[in-house]
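I opened this notebook page to record what I looked up in the structure. The entries follow the order in which I consulted the coordinates.

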Protein chains: 2
Amino acid sequence: MRYELYYHPTVQGRGEFVRLALEEADADYVDVARKYGKAGVPAMMKIIEDKRAARPPFAPPFLKAGKLVIAQTANILFYLGPHLKLAPRDEASRLWLNQLQLTVTDLVVEIHDTHHPITSWLYYEEQRPAAKRRAKDFWRYRVPKFLGYFERVLQNNGGKYLVGPRLTYIDLSLFQIVEGLRYAFPKRMKRFERKIPGLIALHDRVAKRPRVKAYMASKRRIPFSQWGIYRYFKELDC
Amino acid sequence: MRYELYYHPTVQGRGEFVRLALEEADADYVDVARKYGKAGVPAMMKIIEDKRAARPPFAPPFLKAGKLVIAQTANILFYLGPHLKLAPRDEASRLWLNQLQLTVTDLVVEIHDTHHPITSWLYYEEQRPAAKRRAKDFWRYRVPKFLGYFERVLQNNGGKYLVGPRLTYIDLSLFQIVEGLRYAFPKRMKRFERKIPGLIALHDRVAKRPRVKAYMASKRRIPFSQWGIYRYFKELDC
């Protein structure tokens, strides 16, 4: 089946967790808003704004898979997992994998909010003191809690993958989390990485997988920027 | 099966979405941290902090169902849905229901952040100006977007339930969202309700269901308070 992924064409954002899964699985997919240039974003907005749709997405990313239109990153991955052979098939393991992915979802909100804690309707520069306080607490309390948790899960599963004996989509998502934190907080992340040796080794193994490596070197991988979830501000990274 | 729900004993919080489903279904369950008094919270923390657990929860709420330990509110409901007859059984509808529940998850974070936008490690009183700005944008942009979306989904499904021809757990969750917004923002919500007549009618129908009604009148329903997701501050409600 040819999948259609709908997401903002200029940022990695939440869409990247889906892109990584599709790429690793060598799935047949179209990144609609990128492929069709100026026509892509209106195509995406038309689906979101269709007032008569029975099951409209609230926001991108969403995936068209045949007649299905599936939104919410973790939900898309829950659906794709078995089809892409990036999830175990038994119910208990799928729920466990979904639970971990939803914890990534929570972490992503908190990463974003380090640079826009007060509101997304003010520029970063208009909320810099609040961002500094938020980033400080994020690194003091939240990063150790989240990444410490994933490190523990990884180690308790033998150290190679998070769930079961094979790569699943949560491994790809944690690769992306490490990439994003390195971009947004290079200094802080450098200091912190010694506390999560398993996750860093997992990141490095994922980076070397042939399809991920090819994807990362291609134009399909959108560069990090000052838009989206991960943004670099020197004063937040101290 | 007797379910065990683990959640903070003094707030509705995220656990309430699960409690409402268990109550409406008349399920056999124990609210562990409440039932066992002082011993309940340590029992919960022991599971979270078990360093050797293969599949530990990151945070409450979590549910024990036989040998399964399931965390993340939407994941718990995804599992419980078919067992409690609060979800359709076909895959496409379950994904759609999950998608809607994950949108409630997103909304819940934003409701909480109206009173603690900068960080949870400062008191409300230490971040009041930021909270005022956040609450203003929340009501200007986010509430209309979220609740307008759910209203549209409800109306496009015939107006009685969100998904399919019967009550599902998303209807109970939206009942709780209306309850919470009425508590935290009575004035703003009163003005806004005329824009979501379908959701308000749904709320009222859910409130009249015999088991929900009995639950709401019981001591099992924890009152709203100044702790948890929904908090009332006069200056945020203007």
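The entries below concern a helix, a core, a helix pair, and several loop residues.

**Entry on the model.** I note at the outset that the model is predicted.

**Entry on α9 of chain A.** I looked up helix α9(A), which covers residues 197–208 and has 12 residues. From first C-alpha to last it reaches 17 Å, close to the expected 16 Å. Which residues of α9(A) are buried? I found Leu199(A), Leu202(A), His203(A) and Val206(A). Viewed down the axis of α9(A), these buried residues fall within an arc of 105°, so they line one face of the helix. I recorded Asp204(A) and Lys208(A) as exposed on the other side of α9(A). The buried residues of α9(A) pack against α6 (128–156), α7 (169–184) and α10 (210–217) of chain A.

**Entry on α6 and α9 of chain B.** I then turned to chain B, where the axes of α6 (residues 128–156) and α9 (residues 197–208) come within 8 Å and cross at roughly 75°. That angle makes α6(B) roughly perpendicular to α9(B). On the α6(B) side I listed Leu147(B), Phe150(B), Glu151(B), Leu154(B) and Gln155(B), which meet Gly198(B), Leu199(B) and Leu202(B) of α9(B).

**Entry on the nonpolar core.** The largest nonpolar core holds 134 residues. Those touching the most other members are Leu5, Ala21 and Leu77 of chain A, together with Leu5, Ala21 and Leu77 of chain B. I followed up Leu5(A): leaving aside neighbours within four places in sequence, its contacts include Val18(A), Leu22(A), Tyr29(A), Val32(A), Pro61(A) and Leu63(A).

**Entry on cis peptide bonds.** Most peptide bonds are trans, and most residues other than glycine have a negative phi. I found a cis bond between Pro60(A) and Pro61(A), with omega about 0°. Pro61(A) is in the loop between α3 (40–48) and β3 (62–65) of chain A. In chain B, a cis bond joins Pro60(B) and Pro61(B), again with omega about 0°. Pro61(B) lies in the loop between α3 (40–49) and β3 (62–65).

**Entry on positive phi.** I noted a positive phi of about 55° at Asp26(B), which is not a glycine, in the loop between α1 (15–24) and β2 (29–31) of chain B. Gln72(B), also not a glycine, has a positive phi of about 75° and sits in the loop between β4 (68–71) and α4 (73–83) of chain B. Is Gln72(B) buried or exposed? I recorded Gln72(B) as buried, because 26 other C-beta atoms lie within 10 Å. Asp26(B) is exposed, with 12 other C-beta atoms within 10 Å.

Technical notes. Residues numbered from 1 in each chain as written. Chains lettered and ligands numbered in written order. Predicted model: local features only at pLDDT ≥ 70, side-chain atom pairs only at ≥ 80, totals over all residues. Helix = DSSP H or I, 4+ residues; strand = E, 2+ residues; numbered from the N terminus. Expected span 1.5 Å × (residues − 1). Buried ≥ 20, exposed ≤ 12 C-beta atoms within 10 Å, placed from the backbone. Arc of directions from axis to C-beta. Contact = placed C-beta atoms within 7 Å. Core = buried A, V, L, I, M, F, W, Y, C linked by C-beta atoms within 7 Å. Axes fitted to C-alpha atoms, helices over the stretch in contact; angles between N-to-C directions. Parallel < 35°, antiparallel > 145°, perpendicular 65-115°, else oblique.
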